[in-house]
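Welcome, and thanks for taking a look at this one with me. Please open the structure below, and then we can walk through some points together.

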Amino acid sequence: MKLLWKSHMKISRLVLAIILVALMLSPERCESRKAKIISTSFEYSAINCRAHSVSLTDFGGVGDGNTSNTKAFQSAINHLSQYGSEGGAQLYVPAGKWLTGSFNLTSHFTLYLDKDAVLLASQDISEWPVIEPLPSYGRGRDAAAGRFTSLIFGTNLTDVIVTGDNGTIDGQGEFWWQQFHKKKLKYTRPYLIEIMFSENIQISNLTLLDSPSWNIHPVYSSNIIVKGITIIAPVTSPNTDGINPDSCTNTKIEDCYIVSGDDCVAVKSGWDEYGIKFGWPTKQLVIRRLTCISPFSATIALGSEMSGGIQDVRAEDITAIHTESGIRIKTAVGRGGYVKDIYVQKMTMHTMKWAFWMTGNYGSHADTHYDPNALPEISNINYRDMVADNVTMAARLEGISNDPFKGICISNVTIGMAVKAKKQPWTCTDIEGVTSGVTPQPCNLLPDPGSEKITTCDFPTENLPVDNLELKKCTYSIKHA
């Protein structure tokens, strides 16, 4: 009887084990162990909408913050490039932390970051290819050799968008800053976004953190919108410029908030003899509703690499807080080129070292082969309708001997000086111009004709072509892991 009972128990256990194994191997069980499929809907405004849309996870992307996704990004973009003539394509980056090195964009393409998506820049230098220096610079900025490709890079493109629902691009710059300070870099540090020799570009609704160097660098390009960007970097971080339009035409920068270790916006067009030879100016640039915090640099800088020329820059509704200077023009003997037809209005400044700064002896040459006879032309500079408080020095305006900065106009500007302000609020050498309704009283080289002849500095009323571009409302629903 006992043997029969033990035998029955063994059979029961065997049957139970078989049932459990069957359950574990059943299609329903296997299906439940697969990644959960999520449906996400979103919409945004863009220069163009796309007919095709995929998720990074469709190409093996893993958002765990540790797995490299460089190949996943590039594979996805290479695949989507086939749709350029079929309505274009979009790559959706879902919530997660997506570690990646540099990758290249394609035309008729949108990169979209979910609000909880974070692109983490790789600290593995092997994931950053080295490319040639920019032809208008002749060398890298950090080193004479080439430069590391930017995290998000594109060249010879048309109709490209990098946007999101305020998703984040984290450059993890501390690694690069340390290498830079220790002089261990053989090549120039990468930027976060660089698009060159391209047209019809939109970069919008993103947060950029801790870039290794410059954040956004459109260069040799046209028809560019940079809008709704937040840029954050330690104020002591080296060369973390915010937005640097460089040899670009028809560019609009709007609604951006920047905390930076360098200039919040730096307008450029090439360096010394290389920029003169390349001869590609930056022109037709509008900057609106910019807020800047940069205690050691400028809110808006023109130069110092301006050898290809800078013309027709319009800035308005600008706020500077605890920033070294409001508007700064930087140039030097050997730069050549020009900075002319500059218009700034409706600017508010709080706690500044200088409201206005013009520097004709900036130095910092590409090499020793610059032409000492290449003198820059600085003319038709217009600042109006501004207020500032807690300012150490109203203006430091230094032209070049035998090459004065001409046509400077400053009107309706009130500058409140700090308690420990300089005794002489204005210093002026080698400049020419006029003022009207400016406090404190400007230097003698900027005379005020008085109340009988009130001067209002120029600001163009007609739109630039980029202002006439109407964005489209794009709506998507995408399924992804």
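Which residues does Cys-49 touch, not counting residues up to four places away in sequence? Keep that in mind while you turn the model, which is a predicted one.

1. **Around Cys-49.** The answer is a list of five names: Gly-87, Lys-472, Lys-473, Cys-474 and Tyr-476. Cys-49 itself belongs to the loop between β1 and β2 (52-55). With a relative accessible area of 29%, Cys-49 is partly exposed.

2. **Tyr-476 and its partner.** The protein has 22 aromatic pairs in total. In one of them, the ring centres of Tyr-44 and Tyr-476 are 5.8 Å apart and the planes meet at 25 degrees; planes under 30 degrees apart count as stacked, so this pair is stacked. Tyr-44 sits in strand β1 (residues 38-46) and Tyr-476 in strand β28 (residues 472-480), so the pair ties together parts that are 432 residues apart in sequence.

3. **Buried or exposed?** Tyr-44 has 5% relative accessibility and so counts as buried. Tyr-476, at 9%, is buried too. Ring pairs also link both of them with Phe-42, Tyr-92 and Tyr-112 into a cluster.

4. **Charges over rings.** Two places are worth a visit here. Arg-328 lies over the face of Trp-357, at 3.4 Å from the ring centre. At Tyr-338, the charged end of Lys-340 sits over the ring, 4.6 Å from its centre.

5. **Cis peptide bonds.** Gly-303 and Ser-304 are joined by a cis peptide bond with omega of about 5 degrees. Ser-304 is in the loop between β21 (298-302) and β22 (310-330). Another cis bond joins Thr-439 to Pro-440, with omega of about -5 degrees. Pro-440 is in the loop between β27 (431-439) and β28, and β28 is the strand that holds Tyr-476.

6. **Positive phi values.** Where do you find Phe-197? Look in the loop between β14 (193-196) and β15 (199-209). Phe-197 is not a glycine, yet its phi is positive, about 50 degrees. At 30% relative accessibility, Phe-197 counts as partly exposed. Asn-205 also has a positive phi, near 50 degrees, but this residue lies within strand β15. Its relative accessibility is 31%, so Asn-205 counts as partly exposed.

7. **Stepping back.** The protein as a whole has 5 helices and 28 strands. Its C-alpha atoms fill a box of roughly 125 × 45 × 45 Å along the principal axes. Of the 481 residues, 55% are buried. Among contacts with a separation of 6 or more, 79% are between residues 24 or more positions apart.

8. **Surface and charge.** The accessible surface comes to about 20,600 Å², with 53% of it belonging to carbon and sulfur atoms. There are 44 positive and 48 negative side chains, and the centres of these two sets lie 11 Å apart.

Terms used
Residues numbered from 1 in each chain as written. Predicted model: local features only at pLDDT ≥ 70, side-chain atom pairs only at ≥ 80, totals over all residues. Heavy atoms only, no water. Helix = DSSP H or I, 4+ residues; strand = E, 2+ residues; numbered from the N terminus. Buried < 20%, exposed > 50% of the residue type's maximum accessible area, 1.4 Å probe, protein only. Contact = heavy atoms within 4.5 Å. Areas by Shrake-Rupley, 256 points an atom, 1.4 Å probe, with all protein chains shown as cover. Lys, Arg positive; Asp, Glu negative; His and termini not counted. Charge placed at Lys NZ, Arg CZ, Asp CG, Glu CD. Phe/Tyr/Trp six-rings, centres within 6.5 Å; stacked < 30°, edge-to-face > 60°. Lys NZ or Arg CZ within 6 Å of the ring centre and 35° of its normal.
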